[in-house]
Structures are given as C-alpha cells and as structure tokens.
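Reader: Can you walk me through this one? I'm new to reading structures.
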Amino acid sequence: MNVKLLTAWQQVLQSCKVKQGESLVFLLAEHSHPEHVEASRAAASTLGARVLSLQLGETTMRAAGETTAYIGPTSLTGNLPAVAAMKSADMVIDLMGIDRGTEQQEILDAGTRILLVKEPPEIFMRLLPTPEDKRRALAAAEMLKKARSMHVTSEAGTDFKVEFGQYGMLVQYGLADEPGRWDHCPSTFVATWPTERTSNGIVVLDRGTTILPFKEYVHTPITLTIEGGYIRKIEGEFDAQYLRDYMAKFEDPEGYAVSHLGWGLQKKAHWTALGMYDKRQTNAMEARSFYGNFMFSTGPNLEGGGTRNTPCHLDIPMRGCSMSLDGQPILDHEKIVPEAMRA
Ligand SMILES: [Fe+2]
C-alpha cells in the first residue's frame with residue numbers, strides 16, 4: 001500500500017465531506033489505475049464509509065486506443081443495475097470515466113456526488129485540492145457568471161469576441177463536496193459556454209499551445225477563423241494540417257462549434273509538465289489547470305445545458321492571452337490581474 005497516496009485520498013474524501021455510514025460506489029474498469037483502486041477504497045473504509053466496487057467491462061470503442069481521450073458510449077451505457085446502484089449511493093468515485101451528460105446527469109440528478117480521477121498518483125498527490133483552490137475557483141466563477149461578453153487577444157494575433165448568458169457554468173476545483181456535484185480531481189479552472197452563434201474573430205494557437213486530446217505542444221502556429229459560433233477555417237503548416245484532418249474524420253459539422261471558454265487557476269500546475277509524461281499516463285488536467293491559461297475548446301455543450309452532443313471535443317489551453325469580461329481585464333498576457341482575484 002502506498003501510504004502517501006492513502007493519506008492523500010483520505011484528505012480528498014474528507015474534503016468531499018465523506019462521513020461515517022455513507023455509501024460510496026467505486027466505478028472501475030480494466031484501465032483504472034490499480035494504486036488508486038487500492039488506496040481510494042482503503043481510505044473510504046478508514047473514514048467509516050460503506051464501500052461497493054462496480055467493475056464494468058471494457059468500453060469497445062476508443063479513440064486510437066486512448067482511454068483518457070475517449071468520449072462516447074461506455075460499458076455503463078444501458079447498464080441499468082450499475083446506474084441504479086450509483087443513483088442510490090451518496091458518492092461515486094469514478095476511476096473509469098463515465099460519458100459526460102448521459103447516465104452521469106441521471107446519477108447527479110439523484111443527488112449523488114461524483115468525483116472522477118484519471119491522473120496517475122504522482123499528479124494527483126502533487127496537485128491535491130486545497131480550500132484556497134476552491135475559494136479562487138468560486139470567486140472566478142462568480143465573475144464569469146455575471147459576464148455577458150468576453151474579448152480575448154494575444155500578440156500572436158488572437159482577436160476573438162463572444163457573448164454569454166444562454167448556458168451554465170463549469171467550475172472545477174477537484175472536489176465533489178455537495179449533493180449532485182461532479183468534479184474531476186485534480187483540476188482548477190472555470191468556464192462557460194457561449195450563447196449560440198455569438199463567437200466571432202480570430203484565434204491563433206501559437207507555438208506552445210497544448211491541444212487535448214493530442215497531448216502535444218503546437219510547434220507551427222494555427223490560425224482559426226471563427227464566424228457565427230463555428231470554426232470556418234483552420235490555416236497554418238503541419239499542426240494546422242493535423243488538426244484539420246483530426247476534426248474532419250468525425251464527419252460532424254457540430255464538432256467545429258466553439259465550446260466552453262475559461263481560464264486556469266492552479267498555481268501548482270505547470271505548463272511544462274505535459275512534456276514529461278507518456279501520453280497514456282495522463283489525462284492532461286495539469287495542462288488545463290495551469291494558472292493564467294486561457295482555455296478555448298470546441299464541440300459539445302451538453303454539459304452546459306445545450307443539445308450539442310458530438311464526440312469531437314478539443315480542450316486547448318493557450319498561453320500569453322489577455323482577456324476581459326464586459327470590458328474588465330481578467331488576464332493580462334497570461335497574468336491574472338489582482339483586481340480579478342479579489343472579486
Ligand atoms: Fe472540455
């Protein structure tokens with residue numbers, strides 16, 4: 001038993017308000033990290049929780065054999081006994097990866113809280129959520145919730161405007177600590193989805209941008225032309241060609257929609273970390289969370305309350321961006337402005 005990991009899990013579960021006598025379901029598949037399986041269940045038992053493990057079969061479809069990038073039906077899809085067990089639990093520790101917006105919403109609507117963990121133990125322990133992370137994320141979310149417009153610029157040539165108000169919020173601080181709350185541990189960022197067809201402008205993915213699920217740093221800048229809420233052109237050299245071909249293979253025009261937009265808030269996360277791990281080791285939550293990144297994304301908006309449900313989903317944390325909400329500066333060349341953090 002990895003004692004440090006056990007201690008980390010105890011801290012996370014306590015922060016998720018796990019109490020003696022609560023029922024916890026551990027959702028497992030063959031690709032679940034064995035150290036997390038062992039330590040999380042042991043930690044729950046030490047807190048006096050009732051533990052039930054659900055070991056599901058493997059999901060048959062995967063994107064290029066990649067379990068951390070896959071979006072779509074899973075072995076939970078249509079598995080009514082498994083869904084029923086999770087709906088009657090107080091909390092689900094998802095070490096498999098439920099398809100977002102489908103059974104997951106049904107389970108959350110029943111009041112069950114869900115914590116997803118896919119990062120390896122080293123990243124999980126290094127970026128362990130703190131009360132300060134939560135405070136920072138909730139303060140940022142409060143500002144974003146009130147905002148009706150966003151303007152993003154960069155020296156690389158980004159000049160992009162969007163309006164908000166139609167959809168909900170995505171606030172991640174790594175803890176599922178309220179009934180019906182979902183979170184992904186570790187992660188620290190906020191985002192919301194644009195009002196339909198209001199995104200317009202140019203987004204330049206400069207060298208050093210990370211594109212997920214590729215888990216690669218862009219080496220040749222990519223220029224995205226966005227009109228009426230959708231990417232209309234993808235221009236550049238090799239990286240643009242790769243992105244164009246990846247998106248085209250889904251044969252789904254909705255994959256080109258602008259999806260959630262927000263910024264990273266985790267000071268312990270590093271932009272460089274993604275380059276240090278094998279692609280199958282990490283789900284890249286560190287890349288999504290590093291402090292001051294502007295995260296652009298494409299594809300679905302089901303989680304925000306929309307109807308767009310496409311498996312073509314890219315999260316794209318960018319460096320060097322300036323961003324304002326309703327004219328109030330939030331990011332200044334990747335630095336979160338102090339006034340924004342006091343809110
Ligand atoms: Fe996303």
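Reader: Let me start with one residue. Is His333 buried or exposed?

Author: His333 is exposed, because 12 other C-beta atoms lie within 10 Å. The cut-offs: a residue is buried with 20 or more other C-beta atoms within 10 Å of its own, exposed with 12 or fewer, and partly exposed in between, with C-beta atoms placed from the backbone. Bear in mind that this is a predicted model: local features need pLDDT of at least 70, side-chain atom pairs count only at pLDDT 80 or more, and totals for chains, interfaces and linings use all residues. Residues are numbered from 1 along each chain as its sequence is written.

Reader: Where does His333 sit?

Author: His333 is in the loop between strand S19 (328-332) and strand S20 (335-336). Its phi is near 50°, a positive value in a residue other than glycine. Helices (H or I, at least four residues) and strands (E, at least two) are DSSP runs, numbered from the N terminus.

Reader: What about Lys215, buried or exposed?

Author: Lys215 counts as buried, because it has 21 C-beta neighbours inside 10 Å. Lys215 is in the loop between S11 and S12. Its phi is near 60°, again positive in a residue other than glycine.

Reader: Which residues are joined by a cis peptide bond?

Author: Cys185 and Pro186 are, with omega about 0°. Leu212 and Pro213 are too, with omega about 25°. Pro186 lies in the loop between S8 and strand S9 (189-192). Pro213 lies in the loop between strand S11 (210-211) and strand S12 (216-217).

Reader: Zooming out. How many helices and strands are there?

Author: The chain has nine helices and 20 strands. Its radius of gyration, taken over C-alpha atoms, is 19 Å, close to the 20 Å from the globule rule for 343 residues, so the chain is as compact as a globular protein of that length. That rule is 2.2 Å times the number of residues to the power 0.38.

Reader: Which domains does it have?

Author: The assignment gives domain 1 (3-118) and domain 2 (131-342). Such bounds come from an automatic or database domain assignment. The domain centres, taken over C-alpha atoms, are 25 Å apart. The contact takes 23 residues from domain 1 and 19 residues from domain 2. Two residues are in contact if their C-beta atoms, placed from the backbone, lie within 7 Å.

Reader: What gives the most on the domain 1 side?

Author: S4 does, with four residues on the side that touches domain 2.

Reader: Tell me about S4. Which strands does it join?

Author: Four bridges join strand S3 (residues 91-94) to S4, running parallel. Three bridges join S4 to strand S8 (residues 182-184), also parallel. Strands pair if DSSP finds at least two bridges between them. Asp94 stands opposite Leu116 in S4. In S8, Trp182 is the bridge partner of Ile114.

Reader: And which way do the S4 residues point?

Author: Arg113 and Leu115 point one way, Ile114 and Leu116 the other, and all are buried.

Reader: Last topic. How many residues are in the largest nonpolar core?

Author: It has 89 residues, and Leu24, Val190 and Trp263 are among those with the most contacts inside it. A nonpolar core is a set of buried Ala, Val, Leu, Ile, Met, Phe, Trp, Tyr and Cys residues joined through C-beta atoms within 7 Å. This core draws at least three residues from each of domain 1 (3-118) and domain 2 (131-342).
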